[in-house]
Amino acid sequence: MNIAFIKSDISIKGGSERVACLLMNELSNIKDNKIFCLTYNFKNQKEAYSLNPNITIKVLGEEKRLRYSFFSIFSNMKTYIQEKNIDVIINIGTGESMISSFLKLIFKDKIKIITCEHSNLLNLYDSKEKRIAQFIACIFSDKIITLTKKDKENFQKKFRLKDEKVEYIYNFIDEKLLDNKIKYNFESKKIISVGRLVKVKGLDRLIEIAKVVFEDRRTTDWVWHIYGEGLEREKLEQLIKKYNLEKKVILKGNAENIYELYKEYSFYVMTSYFEGLPMVLLEAKANSLPIISFDINTGPSEIIRDDVDGYLIQDSNIEEMKDKILELIINENNRKKFALNTRGNLYKFDKKEIIEKWIKLIEEVKN
């Protein structure tokens with residue numbers, strides 16, 4: 001089967017980009033599959049995550065703003081889809097459907113379209129363009145794939161979609177992490193958070209929480225490290241300085257070896273306002289790290305088992321979040337208990353099972 005993945009820019013580091021590359025690699029290993037990666041904003045001219053050499057990358061355009069190059073990219077995409085006899089298009093993100101969905105008007109049922117929502121339908125930080133793209137995707141796609149069961153229900157309710165039109169498939173966890181035999185570091189006095197430095201990740205409230213946490217005399221030896229880069233760095237640096245937290249909350253930037261770094265930490269905290277299926281939580285669990293997260297609309301509740309391998313905190317309840325962080329700092333026995341339980345539900349995110357779901361889905365859509 002000839003399968004074209006569409007992702008606007010695979011040269012940047014991000015959750016959806018990494019998942020797209022992993023999925024393309026797995027499907028390219030199947031006999032008689034030909035995988036094509038179509039991109040139109042290839043900023044760094046090199047994929048951020050490695051792709052198998054048998055995957056063809058096609059750059060359809062290099063404009064930063066899609067609105068200024070829509071027609072040229074659409075024309076290039078149409079021509080390339082015809083030349084390569086593409087059977088199935090997989091949009092990695094509903095935003096990508098803004099171009100590919102209109103191919104349905106030309107090719108009708110000759111091409112099947114699957115659109116993956118890698119965010120959250122109720123994300124208040126999504127642009128008006130993104131909401132239009134979600135609507136268009138629901139009209140023209142043969143299948144909508146969400147990352148969580150909750151988001152599937154949200155799509156069905158909002159767009160009045162039939163059950164067979166929407167499915168949820170979890171992202172799979174990297175096998176290297178599941179094979180990890182590193183023991184939990186009981187002596188660590190470091191907290192870790194990972195994510196792009198953007199508003200939706202809630203790092204502003206992370207720093208507000210850290211201010212209160214580190215006022216407690218029992219946290220003298222503890223620090224909180226944040227990995228990632230983004231547009232909010234300067235704002236976050238100013239907030240850290242405002243609260244005199246320069247030695248306690250440290251922006252570490254991007255890390256090439258993030259898998260190797262988890263073992264240095266005591267537990268993971270996530271303060272996002274919205275998420276799809278946060279892979280960082282799966283990575284943390286695979287490294288036996290207890291997790292504390294706000295129980296936002298989708299994501300954490302399908303990964304964390306409250307009071308078993310971490311804590312789910314009522315969204316925006318800063319006081320409860322502060323209390324639970326202090327509890328894990330103070331109570332080593334709780335950290336140990338959670339660490340021993342973290343792998344208990346990772347089977348849901350097993351690569352073999354997830355890939356089998358994708359293969360079945362693609363075959364069903366094609367036929």
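Two strands count as paired here if DSSP finds at least two bridges between them. Helices (H or I, at least four residues) and strands (E, at least two) are DSSP runs, numbered from the N terminus.

## What you're looking at

This is a predicted model, where local features need pLDDT of at least 70 and side-chain atom pairs count only at pLDDT 80 or more, while totals for chains, interfaces and linings use all residues. Residues are numbered from 1 along each chain as its sequence is written, and side-chain values use heavy atoms, with hydrogens and water left out.

Let's start with strand 1 and strand 4, which run parallel and are joined by four bridges. Ile3 has Val88 as its bridge partner in strand 4. On to strand 5 (residues 112-117): strand 4 pairs with it in the parallel sense over five bridges, and Ile90 has Ile114 as its bridge partner there. Five of the five residues of strand 4 are buried, so the strand is largely enclosed by the rest of the structure. Buried means under 20% relative accessible area, with exposed being over 50% and partly exposed in between (1.4 Å probe, protein chains only). Val88, Ile90 and Ile92 point one way from strand 4, Ile89 and Asn91 point the other way, and all are buried.

These strands belong to an open sheet of seven, in the order 3-2-1-4-5-6-7, with parallel pairing. Strand 3 (56-59) and strand 7 (166-168) sit at the edges with a single partner strand each, so one side of each has no neighbour in the sheet. On average, neighbouring strands of this sheet are turned by 25° against each other, direction ignored. Axes are lines fitted to C-alpha atoms, for helices over the stretch in contact, and angles run from 0 to 180 degrees between N-to-C directions. Over at strand 3, the pairing with strand 2 is parallel over four bridges, and Thr39 stands opposite Val59.

## Helices around that sheet

Helix 6 (residues 149-159) packs on the sheet, touching strand 5, strand 6 (143-146) and strand 7, and its direction makes about 165° with that of strand 7. Helix 14 packs on the sheet too, touching strand 1, strand 4, strand 5 and strand 6, at about 140° to the direction of strand 5. Contact means heavy atoms within 4.5 Å.

Helix 1 (residues 15-28) has 14 residues and reaches 20 Å from its first C-alpha to its last, close to the 20 Å expected at 1.5 Å a residue. That expected span is 1.5 Å times one less than the number of residues. Helix 1 is mostly covered, with 11 of its 14 residues buried; among them are Val19, Cys21, Leu23 and Met24. What covers these buried residues includes strand 1 (2-6), strand 2 (34-39), strand 4 (88-92), helix 10 (258-261), helix 11 (279-286) and helix 14 (351-366).

Strand 9 (residues 223-227) and strand 10 pair in the parallel sense over four bridges, and His225 stands opposite Ile250.

Strand 11 and strand 12 pair in the parallel sense over three bridges, with Tyr268 opposite Ile291. Four of the five residues of strand 12 are buried.

## Two helix pairs

The axes of helix 8 (residues 203-213) and helix 9 (residues 233-242) come within 10 Å and cross at roughly 10°. That makes helix 8 roughly parallel to helix 9. Leu203, Asp204, Ile207 and Glu208 of helix 8 make the contact with Leu236, Leu239 and Ile240 of helix 9.

Helix 12 (residues 318-330) and helix 13 (residues 332-341) have axes that come within 5 Å and cross at roughly 95°, and are therefore roughly perpendicular to each other. For reference, angles under 35 degrees count as roughly parallel, over 145 as roughly antiparallel, 65 to 115 as roughly perpendicular and the rest as oblique.

## A look at Leu177

Leu177 lies in helix 7 (residues 175-178) and counts as buried at 2% relative accessibility. Leu177 touches Tyr259, Glu283, Ala286, Asn287 and Arg343, not counting residues up to four places away in sequence.
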